[in-house]
Amino acid sequence: MSVVSNTLPPRQRILLTAHDLFYREGIRATGIDRIISESGVAKVTFYRHFPSKNELIEAFLAYRHAQWLTWFSASLEKHVAQRGDVLLALVPCFEEWFNDPQYRGCAFINTAVELADMLPESLNIAHRHKKQMSEEIARHLPAGPEREQRAEMLAMLIDGAIVKVQIEQQAQHALQLLEEMLKTLAAAWNTQ
């Protein structure tokens with residue numbers, strides 16, 4: 001059951017309820033009637049704010065993107081400041097998220113896999129989210145012609161770790177592998 005406060009405006013209650021349910025249980029598994037019931041709004045109110053489930057899904061992804069990217073930016077900044085290098089900061093940054101009891105993988109990977117056929121726009125939304133994640137990583141890499149490619153490589157490693165943690169339901173092994181791959185990359189990049 002969602003724990004969204006009834007004091008919030010109806011649109012926000014709907015969005016937060018959908019966010020919790022979509023992320024925890026999946027988009028296809030979560031029906032509109034359940035979101036209406038758990039958000040405590042009338043059906044007409046729901047459809048006034050979200051005329052279709054696809055519009056709600058897109059609003060969910062926009063909300064999730066803003067929330068996650070804000071967290072990621074702050075966490076990465078903190079760990080880079082503590083460790084002095086983005087390659088050393090990525091493991092503790094993602095360890096925070098992977099060990100969160102609410103962790104259910106990346107909402108954008110999950111949505112793209114779950115809805116690519118039903119909502120092709122989800123692929124574009126996921127692509128934009130991953131691009132911004134890569135850009136955030138790039139901000140902490142040395143300037144140079146390889147900067148963007150290196151950020152994309154790191155983002156791809158992270159996506160692999162995200163999926164591995166979701167499948168294995170535990171973070172330690174994925175974090176160890178990620179750390180080893182980052183050390184290998186650091187050594188290779190330092191010899192160039």
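Modeller: Let us begin with a definition: helices (H or I, at least four residues) and strands (E, at least two) are runs assigned by DSSP and numbered from the N terminus. Residue numbers start from 1 along each chain as its sequence is written, and side-chain values use heavy atoms, leaving out hydrogens and water. The model is predicted: local features need pLDDT of at least 70 and side-chain atom pairs count only at pLDDT 80 or more, whereas totals for chains, interfaces and linings use all residues.

Biologist: How many helices does the protein have?

Modeller: From the N terminus on, the elements run α-α-α-α-α-α-α-α-α. The C-alpha atoms fill a box of roughly 65 × 30 × 30 Å along the principal axes. The protein has zero strands, and its helices number nine.

Biologist: In which helix is T45 found, and is T45 buried or exposed?

Modeller: T45 is found in helix 3, residues 43-49. A residue is buried under 20% relative accessible area, exposed over 50%, and partly exposed in between (1.4 Å probe, protein chains only). Because its relative accessible area is 13%, T45, in helix 3, counts as buried.

Biologist: Which residues does T45 touch, not counting those up to four places away in sequence?

Modeller: Contact is defined as heavy atoms within 4.5 Å. With residues up to four places away in sequence set aside, T45 touches P10 and I14.

Biologist: What share of the 192 residues in the protein is buried?

Modeller: E38, in helix 2, is one example: its relative accessible area is 12%, so it is buried. By contrast, A66 in helix 4 (residues 53-83) is partly exposed because its relative accessibility is 38%. Over the 192 residues of the protein, the buried share is 46%.

Biologist: Against which helices do the buried residues of helix 9 pack?

Modeller: The buried residues of helix 9 (172-190) are A174, L175, L178, L182, L185, A186 and W189. Seen down the helix axis, they fall within an arc of 110° (taken over the directions from the axis to the C-beta atoms), so they line one face of helix 9. In general, an α-helix has 3.6 residues a turn, so residues three or four places apart point the same way. The buried residues of helix 9 pack against helix 5 (86-98) and helix 8 (147-168).

Biologist: How far does helix 8 reach from its first C-alpha to its last?

Modeller: The expected span of a helix is 1.5 Å times one less than its number of residues. Helix 8 has 22 residues, for which 32 Å is expected. The model comes close to this expectation, with a reach of 32 Å.

Biologist: Which side chain makes a polar contact with the side chain of Q166, and at what distance?

Modeller: Q166 lies in helix 8 and is among the buried residues of that helix. A polar contact is a pair of N or O atoms within 3.5 Å; within protein, one must be able to donate a hydrogen and the other to accept it, and residues adjacent in sequence count only if both atoms are side-chain atoms. The side chain of Q166 reaches the backbone oxygen of R104 at 3.1 Å. Its side-chain partner is that of N110, at 3.4 Å.

Biologist: What is the phi of Q169?

Modeller: Q169 is found in the loop between helix 8 and helix 9, and its relative accessible area of 63% means that it is exposed. Most residues other than glycine have a negative phi. Q169 is not glycine, yet its phi is positive, near 60°.
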